[in-house]
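User: I am new to reading protein models. Can you take me through some features, one at a time?

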Amino acid sequence: MRAVQVHRFGGPEELVVGEVPDPTAGAGQAVVKVAVAGMTFVETQIRRGTDPWHEPPTLPYVPGGLVAGRVDAVGPGVDPAWLGRRVIASTGETGGFAERASASAAALFPVPEGLGLPEAVALHSDGSTAQGLAEHVRIRPGEWVLVEAAAGGVGSLLVQLARAAGARVIGAAGSARKLDAVRELGADAAVDYREPGWTEQVRALTGGAGADVVFDGVGGDIGRAAFGATARGGRFSVHGAASGTATAIDPADAQRAGVEVLGIDQLFGFGPHLTRWAREIMAEAAAGRVRPLIGQTFPLDRAADAHTAIETRTALGKTLLLV
């Protein structure tokens, strides 16, 4: 079968399509005929060998940890009723950028009727994360919510979830195209965080008080500036490091500012709840109340272009491979 492999750590050009043996379904496993492969920013850092949160995979490896398609084979101990069903499957950290992928049967997630496979992939990972972040931060009606990277996979869903909770939303992004997308998602205002003094716009929009809730998916200088635009008594929630470094707030600074900080380590406790959150966000999407923002798709042999779009932050919303 065809698959994308990484033979050495480095840039997107290290993603090379070639032939590899078909996977087999061992005990407790299933093989999925892949239609869609998801990808994340973290996977670009794994490819470079610079990600601080995961052990580097053994070379060569096939990237991709989440796929959608139909179950093609099942191994011993797996209910044959899975055969032919539309599913999302977690492959672990590797194995998804391929025509077929093996996964634990316990990691199969049925795709609800009325939901396309690309939409399901976008919602399973980013949607469950957004649902968890919103649940943790306890958005209240009438609050001002600032969402960084608001035209990204997680950010675009946070904009919609905050609106659904009755909040007023400011979306921050880094291009005119992304700001237009943020407005189309229903944000009350959109600001360009490439502009000097962008947080002053946030304060002006909120009557000088700052945002009651900040979702920080960028980190670095942008994350630190956003912390300074958080209202006294507000919550500052960290979930990403698109800049390369996650925002770390000194507890003494948080106490002086009167801000509750939910650091990036909150994500480590998300695991047991992800399936529930995925079901909840997919039910919302199937009912037409939220939608994933899928900005671009690429065929398998253009995986390098897909990673480039994510790394250079030119991608809009979710980026997917169509196999």
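Analyst: We will go through the sheet, one arginine, some salt bridges and some backbone angles. This is a predicted model, in which local features need pLDDT of at least 70, side-chain atom pairs count only at pLDDT 80 or more, and totals for chains, interfaces and linings use all residues. Residues are numbered from 1 along each chain as its sequence is written, and side-chain values use heavy atoms, with hydrogens and water left out.

User: In what order do the six strands of the open sheet run?

Analyst: Some terms come before that. Helices (H or I, at least four residues) and strands (E, at least two) are DSSP runs, numbered from the N terminus. Two strands pair if DSSP finds at least two bridges between them. Here the order is β10-β9-β8-β11-β12-β13, with parallel pairing. The edges are β10 (189-192) and β13 (260-262), each of which pairs on one side only. From one strand to the next, the twist averages 15 degrees. Axes are lines fitted to C-alpha atoms, for helices over the stretch in contact, and angles run from 0 to 180 degrees between N-to-C directions.

User: How many bridges join β11 and β12?

Analyst: Five bridges, in the parallel sense, join β11 (residues 211-216) to β12. Take Val214: its bridge partner in β12 is Phe236. Helix α5 (residues 198-205) packs on the sheet and touches β8, β9 (168-173), β10 and β12. The direction of α5 makes about 160 degrees with that of β10. Contact means heavy atoms within 4.5 Å.

User: Is Arg235 buried or exposed?

Analyst: Buried means under 20% relative accessible area, exposed over 50%, and partly exposed in between (1.4 Å probe, protein chains only). Arg235 has a relative accessible area of 2%, so it is buried. Arg235 sits in strand β12 (residues 230-238).

User: What does the side chain of Arg235 reach at 2.7 Å?

Analyst: The backbone oxygen of Arg138. The side chain of Arg235 also makes a polar contact of 2.8 Å with that of Glu143. A polar contact is a pair of N or O atoms within 3.5 Å; within protein, one must be able to donate a hydrogen and the other to accept it, and residues adjacent in sequence count only if both atoms are side-chain atoms. Leaving aside neighbours within four places in sequence, the residues in contact with Arg235 include Asp212, Val214 and Leu262.

User: How many salt bridges are there?

Analyst: A salt bridge is a side-chain nitrogen of Lys or Arg within 4 Å of a carboxyl oxygen of Asp or Glu. The count comes to 18. One of them joins Glu311 and Arg47, with the closest N and O atoms 2.9 Å apart. This pair links distant parts of the chain: Glu311 is in helix α9 and Arg47 in helix α1, 264 residues apart. Both Glu311 and Arg47 are buried.

User: Where do Arg276 and Glu280 lie?

Analyst: Both are in helix α8 (residues 274-286), four residues apart, about one turn of the helix.

User: Which residue has a positive phi near 60 degrees?

Analyst: Most residues other than glycine have a negative phi, and most peptide bonds are trans. Arg138 has phi near 60 degrees. Arg138 is found in the loop between α2 (117-137) and β8 (144-147). For a cis peptide bond, look from Leu59 to Pro60, where omega is near -15 degrees.
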